[in-house]
Amino acid sequence: MVRIKGIVKTAERVKNQLQHGIDPQEVDSLKAFVLNSLHTIEQICTEAKTTPDSLTTRSRKAYYYLKSIDWHNLPLTERSKEEPTSTSVSTPPPTLRIKNIVKQQKNIQQQIGQLKPDRIDSQLESIGQALTDCIREIDRICQQNQLTPAALTTPSRKAYAWMKFLTDRDNLKLHIQTTQRIKTLAHRAIKAQKSNISEIQVTITNYNGLYKYKHNRQGTIELQLSEGFIQAEDKILEAIINTAIQGNNPQDKQLIRHFSSTEAYSDIILELDLIADLDAETPQGNYYDLEALFHLINQEYFAGEMAKPRLTWNKTLTHRKLGHYEPLRDRVVMSRTLDSDRVPQIVVELVLYHELLHKHHGAKLLNGKRMVHTPEFRRSERQFQHYQEAQQWLERSLALAM
């Protein structure tokens, strides 16, 4: 029997809030808090190789209470119902300050930076556990304050997203392998160029830019790269190393810029951005209901056997990136540009089906690369009944938008 602290207390707090009525302006934050709590419970159960049905009786009842909340039929406060929306003043989102999140991130980065090539496998578990422990503690504090990690200050939110991303074993392994590759390539470059640089210290992190570097008086270079480069080929990493040693040159700059526009790079950046984003989850759009479409697709292509992921529309995505599957939160995010009567339903279904295939097939590490669009994936994608018609509509739409 699994015991998870705080579930009953969370359910009682939510129940009390709903019994007294809720201001419409607080619905999104409450929904985000409840959904994040449910996800944390489910993730802990998954790690324990069990289900919420194995919780203690009170915790199990509390879990299913939270799960059963009808977000389309909440008891709103009468005063708020009568207030005209045109005169309502939006309040800034709450900010939650938790000490030492960035410090914990730096400690883990230091551990990764000091890893020896022959000790990676033995240290992988301990680093992964340290990341998981940090994330659980942050989630616990957020739940105590009825907030989500989206309420963290910007540096803490970015550190949280980075650590959460690396709690996935494949992501952590790829991150460490790329760090080691850069170190090896840097050593070769320094030796080949007969540089007076003694060492390049490498950090890969949740960085807004592409990369930055600093020459120290001790003859070392501090090089910081965006996490998006963990799937880069050696020639891209060599271009960054050459830039750090010798300065900019057009050829290296072009190589780096080109890679930063690829899906391999943008998918990682998008996943980091969405881990602690500010939008509440909203499967019901203005025109399309993602839950209804999921059930249609699940019956048609997965024999009704796929467990429903979290589904939401989001403004972060654009016409260039219409959907994204987040394995860490088992969530499909769809671009609001699709939520329109001008977009045929088969197009929305194809994009949703594509993202569900990512959940179904998962990612594979092959020669240091995270492969998601495998031949098997593409064969499954073409089984969509209206594949050609929907794909042609998307191609025409993208051409017009460019």
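**Getting to know a predicted chain**

Trainee: How much accessible surface does the protein chain have?
Mentor: About 21900 Å². Carbon and sulfur atoms own 47% of that surface. Accessible areas here come from the Shrake-Rupley method with a 1.4 Å probe, and for residues only the protein chains shown count as cover.

Trainee: What kind of model is this, and how are residues numbered?
Mentor: This is a predicted model, in which local features need pLDDT of at least 70 and side-chain atom pairs count only at pLDDT 80 or more, while totals for chains, interfaces and linings use all residues. Residues are numbered from 1 along each chain as its sequence is written, and side-chain values use heavy atoms, with hydrogens and water left out.

Trainee: How many helices and strands are there?
Mentor: The protein chain has 15 helices and eight strands. Both are DSSP runs numbered from the N terminus: helices are H or I with at least four residues, strands are E with at least two.

Trainee: Why is the chain called as compact as a globular protein of that length?
Mentor: Its radius of gyration is 23 Å, close to the 21 Å that the globule rule gives for 402 residues, so it is as compact as a globular protein of that length. The radius is taken over C-alpha atoms, and the rule is 2.2 Å times the number of residues to the power 0.38.

Trainee: What box do the C-alpha atoms fill?
Mentor: Roughly 75 × 50 × 50 Å, taken along the principal axes.

Trainee: What share of the residues is buried?
Mentor: Buried residues make up 48% of the 402. Buried means under 20% relative accessible area, exposed means over 50%, and partly exposed is in between (1.4 Å probe, protein chains only).

Trainee: And the contacts, what share joins residues 24 or more positions apart?
Mentor: Such pairs account for 66% of the contacts with a separation of 6 or more. A contact means heavy atoms within 4.5 Å.

Trainee: Let's go inside. Which residues have the most contacts in the largest nonpolar core?
Mentor: Met163, Ile200, Leu225 and Phe229, in a core of 60 residues. Helix α6 (residues 120–144) gives the most to this core, with nine residues. Apart from it lies another core of 29 residues, among them Leu290, Leu293, Val343 and Tyr353. A nonpolar core is a set of buried Ala, Val, Leu, Ile, Met, Phe, Trp, Tyr and Cys residues joined through side-chain atoms within 4.5 Å.

Trainee: What is isoleucine 200 in contact with?
Mentor: Ala186, Ile190, Ile221, Leu223, Ile241 and Ile245. That leaves aside neighbours within four places in sequence.

Trainee: Is glutamate 271 buried or exposed?
Mentor: Glutamate 271 counts as buried, because its relative accessibility is 1%. It lies in helix α11 (residues 263–275). Beyond four places in sequence, glutamate 271 is in contact with Phe165, Asn171, His324, Glu326, Pro327, Leu328 and Arg370.

Trainee: Now lysine 158. Which helix is it found in?
Mentor: Helix α7 (residues 154–166). Lysine 158 counts as partly exposed, because its relative accessibility is 21%. Leaving aside neighbours within four places, it is in contact with Asn206 and Asn208. Asparagine 208 is 50 residues away along the chain, yet the two C-alpha atoms are separated by 9.6 Å.

Trainee: What about the phi of glutamine 146?
Mentor: It is positive, about 55 degrees, although the residue is not a glycine. Most residues other than glycine have a negative phi. Glutamine 146 has its place in the loop between α6 and α7. It is in contact with Arg13, Gln17 and Phe33, leaving aside neighbours within four places in sequence.

Trainee: And where is alanine 303 found?
Mentor: In the loop between α12 (290–301) and β4 (310–314). Alanine 303 also has a positive phi of about 55 degrees. At 57% relative accessibility, alanine 303 counts as exposed.

Trainee: Last one. What does isoleucine 346 touch?
Mentor: Phe384, His386, Glu389 and Ala390, not counting residues up to four places away in sequence. Isoleucine 346 is found in helix α13 (residues 345–361). At 18% relative accessibility, it counts as buried.
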